[in-house]
Amino acid sequence: MSNGNEVWGYLTTIISTVIGAAATIIAALISRERRKSTNTVTAHTINQLKKGTGAANEQTRIFTPVKFPETKPKAQKQKKQWNQIAKKTTSVMMAVFIFLAIVATTVGVYTGLTLASVIEPPDWKSSTTEPPAFSAWLTDLDYLNKHNLFFSNSEPKTNNGDRLTRGMYVGAGEGSIEYQLDKQYSKITGKFALDYSDKNSHSEGYLIILVDGVEAYRSICVTRGVPPVVFSVPIIDCQTIQLKIRGGNSFTLGDVALLK
């Protein structure tokens, strides 16, 4: 949305500049016409003076008092005319400004909304952009090594009654399994929970995921009353991945998928 605001700012700046320039030009033209009118009145006054009773008497070299022509009514008329022009010009400028403001607001809002719809980050639910695609179940791959961890022959059930696909569970204590991924996947997802048959157990369990030997994920403590933990861990450029379950055979792991 910020880009929409920037466009609106640019439009406002351009319109303000145009209006300012127009006002400056109109003011300059009005000033020019006023000076021109003043010069015309002054020239007229001088000509009247030359024709007045104050001309020099060549014989006596005596000047009689000069009687200046009456120019005040004409000057007031000129001033009144230019005041009317200024009022009309101001009214026109205000009308133009209001019109441009309405146009700029309409264009700015439309442009902002259009840009916002283009630059918003992808929303997997409403966008046509594809989310990371399912590639394989982890248990369908050949593992590198496995310790005290077993594959379920059936679909295990979690403590809240959900069925898991391709479940895994541990014997006593801790179990682990490791896979070679060769940087082919971007994410691993799945569920970790108390088994339905042990849902009232006070045992405490954890799921730990190591990416290339470094811990990348550790679940919360899963025990009685804790719903299944859904995890999603980025594994971009991952060569090997190891999953560890701590807590004994009361816990189950399933729906473990690899995404491209």
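Ile 209 has Tyr 217 as its bridge partner in strand 8, and strand 7 and strand 8 pair in the antiparallel sense over 4 bridges. Strands here are DSSP runs of E with at least two residues, numbered from the N terminus, and two strands are said to pair if DSSP finds at least two bridges between them. This is a predicted model, in which local features need pLDDT of at least 70 and side-chain atom pairs count only at pLDDT 80 or more, whereas totals for chains, interfaces and linings use all residues. Residues are numbered from 1 along each chain as its sequence is written, and side-chain values use heavy atoms, with hydrogens and water left out.

Strands of a sheet pair through backbone hydrogen bonds, either parallel or antiparallel.

Val 211 belongs to strand 7 (residues 206–211), and it counts as buried because its relative accessibility is 15%; buried means under 20% relative accessible area, exposed over 50% and partly exposed in between, using a 1.4 Å probe and protein chains only. Leaving aside residues up to four places away in sequence, Val 211 touches Ala 216, Ile 235, Cys 238 and Thr 240, a contact being heavy atoms within 4.5 Å. Thr 240 is 29 residues away from Val 211 along the chain, yet their C-alpha atoms are separated by 6.1 Å. The structure holds 0 disulfides, a disulfide being a pair of cysteine sulfur atoms within 2.5 Å.

What does a search of the whole structure find in the way of aromatic pairs? It finds 5 of them, counting rings of Phe, Tyr and Trp (its six-membered ring) whose centres lie within 6.5 Å, with planes under 30 degrees apart called stacked, over 60 edge-to-face and the rest tilted. One of them joins Tyr 143 and Phe 151, and it is tilted because the planes stand at 45°, with the ring centres 6.3 Å apart. Tyr 143 is partly exposed at 39% relative accessibility, and Phe 151 is partly exposed at 31%. Tyr 217 and Phe 231 form a tilted pair as well, 5.8 Å centre to centre and with 35° between the planes. Since Tyr 217 lies in strand 8 (residues 214–218) and Phe 231 in strand 9 (residues 229–234), this pair ties together parts that are 14 residues apart in sequence. Both Tyr 217 and Phe 231 are buried.

Two tyrosine rings also carry a lysine charge: the charged end of Lys 157 sits over the ring of Tyr 196, 4.0 Å from its centre, and that of Lys 260 sits over the ring of Tyr 185, 5.1 Å from its centre.

Methods
A charge sits over a ring if NZ of Lys or CZ of Arg is within 6 Å of the ring centre and within 35 degrees of the ring normal.
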